[in-house]
Structure formats: structure tokens, C-alpha cells
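Open the model in your viewer and follow the stops below in order. Each stop says what to select and what is there.

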Amino acid sequence: MRLIDADRMKEELLWGNVFLPAIQTNTLVDLIDNQPTIDPESLRPRAHWVSDWMYVNGKQVCAKWCSSCGFQSWMKTDYCHHCGAKMEEMATEKEIGGAP
Ligand SMILES: [Zn+2]
């Protein structure tokens with residue numbers, strides 16, 4: 001899918017260098033106007049943080065990984081900094097509530 005500027009396409013049809021009979025131009029403008037509007041945010045991939053304990057320099061810390069690309073983060077953010085996925089809350093079997 002490619003998002004395009006529908007308003008600009010209509011301007012090109014009506015006022016640009018496209019020379020079509022008026023009935024064809026009106027049909028195309030109506031066709032453009034009848035297309036659904038897509039929220040670009042709805043196309044963003046969704047993922048969640050997977051948490052697990054690990055040792056860093058002998059200390060136990062809780063690390064997080066993006067479920068989509070595996071990017072490791074030390075804190076939960078709304079979006080993965082690597083793949084751009086919108087992070088949603090999801091309990092997983094690896095999700096733990098406290099240090100063992
Ligand atoms: Zn990611």
C-alpha cells in the first residue's frame with residue numbers, strides 16, 4: 001500500500017495538465033472522494049515488551065526485549081526505538097513480578 005495525497009490528485013485532475021472529458025474527470029474525482037481515509041498510525045506494527053532477569057556485572061537486572069525485532073531496552077517505552085512498533089501491554093509467561 002502507498003499513501004498518496006488525494007486532495008493533490010484531485011487538483012491535478014481538475015486544474016493540471018490532464019485533459020479528459022468533464023464526465024471522466026468528475027467520475028475520477030467522485031471515485032477519489034469515495035475512498036476511505038486511512039489513519040497512518042493504523043499501519044504501524046504492534047509489539048510488546050518481553051521482560052526477563054539477567055546478570056550484568058554480577059548484578060541482577062530486569063531487561064526488556066521487543067517481541068517484534070528483539071531489540072533490548074532497559075526501560076519500557078511507548079515505541080520500539082529499533083523497529084518503530086507501537087508497544088502494547090501484554091502479559092507473557094516470561095513476564096515476572098519480582099526478582100527470584
Ligand atoms: Zn522492535
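**Stop 1: the helix pair**

Select helix α1 (residues 6-15) and helix α2 (residues 22-33), whose axes come within 10 Å and cross at roughly 175°. Axes here are lines fitted to C-alpha atoms, for helices over the stretch in contact, with angles running from 0 to 180 degrees between N-to-C directions. The two helices, α1 and α2, are therefore roughly antiparallel to each other (an angle over 145 degrees). Now show the side chains in the contact: A6, M9, K10, L13 and L14 on α1, with T25, L28, V29 and I32 on α2. Two residues are in contact if their C-beta atoms, placed from the backbone, lie within 7 Å.

This is a predicted model, in which local features need pLDDT of at least 70 and side-chain atom pairs count only at pLDDT 80 or more, while totals for chains, interfaces and linings use all residues. Residues are numbered from 1 along each chain as its sequence is written.

**Stop 2: the two domains**

Colour domain 1 (6-35) and domain 2 (44-87) separately; the bounds come from an automatic or database domain assignment. Their centres, taken over C-alpha atoms, are 47 Å apart.

**Stop 3: the whole chain**

Of the 100 residues, 6% are buried (20 or more other C-beta atoms within 10 Å of the residue's own, with C-beta atoms placed from the backbone).

Conventions. Buried ≥ 20, exposed ≤ 12 C-beta atoms within 10 Å, placed from the backbone. Helix = DSSP H or I, 4+ residues; strand = E, 2+ residues; numbered from the N terminus. Parallel < 35°, antiparallel > 145°, perpendicular 65-115°, else oblique.
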